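Please read these notes with the model open beside you.

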Amino acid sequence: MERGEIDAEMCRVQADFAELVGGADPSDLRRGSSGTRWTNRQLLYHMVFGYLIVRTLMPLVHLLGCLGWSRRFAAVLNAGHRPFHVVNYLGSWVGGQIVPPAATVRLMERTLLALRRRLDRESAETLALTMHFPTAWDPYFQPMMSVRDLYHYGTEHYEHHRRQLRLG
């Protein structure tokens with residue numbers, strides 16, 4: 001996937017997310033999602049959380065991709081996958097309860113803007129940096145991913161969970 005395609009994906013997601021949240025009434029947001037234990041409101045927050053994880057991991061991929069120390073790091077993260085899943089679930093549960101939907105939209109906008117700005121500064125060399133990933137954390141994590149792959153991961157995660165929403 002090329003830089004322009006990744007940028008276009010993030011623009012599309014930003015507009016789609018604002019439309020999803022803006023079109024949801026309070027009963028839609030309280031309704032359970034499909035295939036998760038979250039409500040639609042909590043799942044929407046979790047969809048933003050996926051991009052927050054991308055933003056947090058990006059400096060690590062750059063650093064560990066340059067140093068070549070990622071195999072051990074991924075092994076340590078894989079070993080801690082159970083606590084991660086608890087934090088992932090509870091963080092989205094709490095965030096979805098306390099962050100108002102309009103603020104969730106603004107958080108998505110700010111996060112995607114930051115990622116798009118960073119993407120603009122990436123060189124072909126930095127986009128190609130790779131690191132080992134903790135595959136036990138997420139089904140979309142591959143054993144080895146590039147910076148380019150990580151940018152795209154956010155959208156894969158988003159689309160997966162978008163299909164689980166039960167809005168309207």
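1. Are H3 and H8 roughly parallel or roughly antiparallel to each other? They pack at an angle of about 170 degrees, with 9 Å between their axes, and are therefore roughly antiparallel. Angles under 35 degrees count as roughly parallel, over 145 as roughly antiparallel, 65 to 115 as roughly perpendicular and the rest as oblique. Axes are lines fitted to C-alpha atoms, for helices over the stretch in contact, and angles run from 0 to 180 degrees between N-to-C directions. Helices are DSSP runs (H or I, at least four residues), numbered from the N terminus.

2. A word on the source: this is a predicted model, in which local features need pLDDT of at least 70 and side-chain atom pairs count only at pLDDT 80 or more, while totals for chains, interfaces and linings use all residues. Residues are numbered from 1 along each chain as its sequence is written, and side-chain values use heavy atoms, with hydrogens and water left out.

3. Where H3 and H8 meet (contact means heavy atoms within 4.5 Å), the residues from H3 include Leu43, His46, Met47 and Gly50, and those from H8 include Tyr151, Gly154, Tyr158 and His161. This contact has 12 nonpolar, 7 polar and 1 charged residues. Ala, Val, Leu, Ile, Met, Phe, Trp, Tyr, Cys and Pro count as nonpolar, Asp, Glu, Lys and Arg as charged, and the others, Gly among them, as polar.

4. The largest pocket holds about 320 Å³ of space. Of its 22 lining residues, Trp38, His46, Asn88, Asp138 and His161 are the closest to its centre. Helices H3 (40-67), H5 (81-98) and H8 (147-162) each supply at least two residues of the lining. On a 1 Å grid over the protein atoms alone, a pocket is an open set of points with protein on both sides within 12 Å along at least five of seven lines, a cavity is a set where a 1.4 Å probe fits but cannot get out, and lining residues have an atom within 4 Å of a point. Grid points are joined across faces, edges and corners, and a volume is the space filled by probe spheres set on the points.

5. H3 gives the most to its lining, with 3 residues.

6. The model has 5 salt bridges (a side-chain nitrogen of Lys or Arg within 4 Å of a carboxyl oxygen of Asp or Glu). One of them joins Arg12 and Glu159 at 2.8 Å, N to O. Arg12 lies in helix H1 (residues 3-22) and Glu159 in helix H8, so the pair ties together parts 147 residues apart in sequence.
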